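Morning, everyone. Please bring up the structure, and we'll walk through a few parts of it.

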Amino acid sequence: MSIRALGYVGIAAKTPQDWSEFATSFLGMQQIDAGGGTLALRMDDRRQRLIVEQADYDGTRFFGWETADAAGLAAVAVRVETSGVAVKREPQALADQRHVRELISFTDPAGNRVEVFHGAAIAADAFRPGRAISGFRTGPLGLGHAVLFVRKPDEVKTFYRDVLGFGLSEYMIEPFRATFFHVNGRHHSFAIVDSDRDGMHHLMVEMCALDDVGHAYDIALGIKDRVGVTLGRHANDYMLSFYSRSPSGFLVECGWGGREIDPANWTPYELGVGPSIWGHDREWLPPPARAAARQMLLDNAAQGLRHPVQVVDGNYTVMPGRVPG
Ligand SMILES: [Fe+2]
């Protein structure tokens, strides 16, 4: 698999400055002045992870997928061109703007601008979070995951799986249709939700400590309409999270405890228990689907559906004793 992580995301905003408070005081990212009304945001040692550009619409501008090196990038370019999609080798000026060594661009079947790059620059100074969080879980797992609404799910699936080489994690039919893909150990870096429109559904960022998410939830509860999906835990990637409404219309999922998979030994399956083990009341769903989702949660409760929490060194303590069964 040549593409190995979601490296950066370009966001469109009518008022980029609206992202300033949202991304720093709430999410805990570090704002960098990129000049020209553009707002760049750091999440780790990279120069930038999110780029918010002035636009006459709210949404996304581009998705930056990372390859290991120039050979990986060239391999992706060949595969995309062979599929009949035009590929542009972007000039050095754009690579400099993105803080990467080299990039190409093309358009996916849903009309999204996709960039593939290698050689992301590391900042000279350490990441300084916009509020007191432990940090974001990125590294080889990439910046998080992107979930898109798409009108032509079959075409989009074929493109990302067969042309770009994304691995299928699983799919869901009820209470809404969705398909999840991985490009590294993160359970999904990309997913699509069948819809009557194309657009961004949500961007997920994962924090290193559970309490970072709890503090974010407290902050969000104090801001009118900021919480878009209540606290809950996902049944596929085991992420404990809630979703916030971003200034660009789509949701930003703030999560902790995402599961890692072994892509070499993974068998896709149908997620039959709904998207969440518990919680995650989705205001964005039409009433019948929202009611179906709620019934699935009650069924999960009746069956006692549960999964172990997923921890990393430094964010847990093992106590004596054992969970029965
Ligand atoms: Fe998500």
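**Strands first, then a helix**

Leu240 sits opposite Trp256 of strand 16. Keep in mind that this is a predicted model. That pair belongs to strand 15, residues 240–245, and strand 16, residues 251–256. The two strands run antiparallel, with six bridges between them.

Next, strand 11, residues 178–182. Five of its five residues are buried. Both faces are covered. Ala178, Phe180 and His182 lie on one side, Thr179 and Phe181 on the other. Look at Phe181. Leu168 stands opposite Phe181, and so does Phe190 in strand 12. Strand 10, residues 167–172, runs antiparallel to strand 11, with five bridges. A hairpin of five residues connects strand 10 and strand 11. Strand 12, residues 190–194, is also antiparallel to strand 11, through four bridges.

Last stop: helix 1, residues 18–26. Which of its residues are buried? Trp19, Phe22, Ala23 and Phe26 are. In general, an α-helix has 3.6 residues a turn, so residues three or four places apart point the same way. What do the buried residues of helix 1 pack against? Strands 1, 2, 3 and 4, plus helix 5 (210–221). After helix 1 comes Gly28, with a positive phi near 95°.

How values were computed
Residues are numbered from 1 along each chain as its sequence is written. This is a predicted model: local features need pLDDT of at least 70, side-chain atom pairs count only at pLDDT 80 or more; totals for chains, interfaces and linings use all residues. A residue is buried if 20 or more other C-beta atoms lie within 10 Å of its own, exposed if 12 or fewer, and partly exposed in between; C-beta atoms are placed from the backbone. Two residues are in contact if their C-beta atoms, placed from the backbone, lie within 7 Å. Two strands pair if DSSP finds at least two bridges between them.
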